[in-house]
Amino acid sequence: MIPAFLIMILCSKCHKPAITVIRYSGAHLCSQHFVEFVERRVKKDLKKQGKTMNNSRIAVAVSGGKDSIVTLHLLHDLFESRPLVQLYAITVDEGIKGYRDASLEVVQKNCNILGIEHHVISFKDAVGKTMDEIAALHDDLGECSYCGVFRRMCLNTMAKDLGVDKLATGHNLDDMAQSILMNFVNGDMQKLARLGPHERIQPGLIPRVLPVRTIPEKEMMLYAFVKNMKFHNAECPYSTRALRGQFRCIVDDLEYRNPGTRHSIFQSYECIREMLMEKYPPVDLNHCLQCGEPTSQKLCKTCILLERIRRLF
Ligand code: SF4
Ligand SMILES: [Zn+2]
Ligand SMILES: [Zn+2]
């Protein structure tokens, strides 16, 4: 349904009723031109992130939220005409009651519609504890510190088991701007240099691609609505403790006052990315002494956190 305040506003391209105003460019777009506007940028940016060979195997990390669902559909549509490109969906079940169980169903439904294999890996199976059990420890470290490390490990493990070449995630432009700013503020230049997409293949680590990194969050939402996609629209109960929330507010406020800020933050990062990667090249990885997974230290982060849990339990 078209919001009343847009009723008389026409698409800048075809004069049909506009469904949105792109504040940072001033364009008004109808649903068809909005969809094309999103898809064109995704296609162009994906090419920039590396060639997709005809026999590529790509896994998409799909939580069930709008970003990962849109990413799954976009990649499916993009590679539909190339039957040798194999797509998989991976969902990590962190074990968060009332939150993840509902989204798993949504992912499965979308995979059924698209004919994509869906694989689930749970914290319970991979590390022996659910996120709810970890949260009950009330560790000062915060739930997200555990969740982020375990989720990365689960995704990498499942992607390796599936033998894929790339792992696609649904990070949008807002996520990118927040991460860039957060790493600057924390002075973590090494982490900044390692933000995906990954060009160098590290043994034991599946490189990431970020198909929707140039699409703002609101456009992801609108795209999902226009295309009538089913997604899981709920907030993780532990998200209130996430540090990222502060940076979300800062970026939202900057964008509201100066439309285009997210793009500027992202473009500034793109300008210095090569220099950062030269100064902080990927280090040669060892095998974790405990589990054998790749790590720059003696023990990987998963094993360090598991040891911490053992002490707290
Ligand atoms: S908000 Fe934190 S605990 Fe919840 S899913 Fe995200 S990283 Fe995990
Ligand atoms: Zn139009
Ligand atoms: Zn380990």
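Which residues coordinate the zinc ion (ligand 3)? Before selecting them, note that this is a predicted model, in which local features need pLDDT of at least 70, side-chain atom pairs count only at pLDDT 80 or more, and totals for chains, interfaces and linings use all residues. Residues are numbered from 1 along each chain as its sequence is written, chains are lettered from A and ligands numbered from 1 in the order in which they are written, and side-chain values use heavy atoms, with hydrogens and water left out.

Start with the zinc ion (ligand 3), which is held at 2.3 Å by the SG atoms of Cys-288, Cys-291, Cys-300 and Cys-303; donors here are N, O and S atoms within 2.8 Å of the metal (3.2 Å for Na, K and Ca), and water is not among the atoms, so sites may look incomplete. Along the sequence these donor residues follow the spacing C-x2-C-x8-C-x2-C. The angles among the four donor atoms run from 107 to 115 degrees, and the site is tetrahedral, a term that requires all angles of four donors to lie between 85 and 135 degrees.

Next, select Cys-288, which counts as buried because its relative accessibility is 4%, and then Cys-291, which at 39% counts as partly exposed (buried is under 20% relative accessible area, exposed over 50%, partly exposed in between, with a 1.4 Å probe and protein chains only).

Finally, show the whole protein chain, whose C-alpha trace spans about 65 × 40 × 40 Å along its principal axes, and in which buried residues make up 47% of the 313 residues.

Methods
Four donors count as tetrahedral if all angles lie between 85 and 135 degrees; four count as square planar and six as octahedral if opposite donors are over 155 degrees apart and all others between 65 and 115; anything else is irregular.
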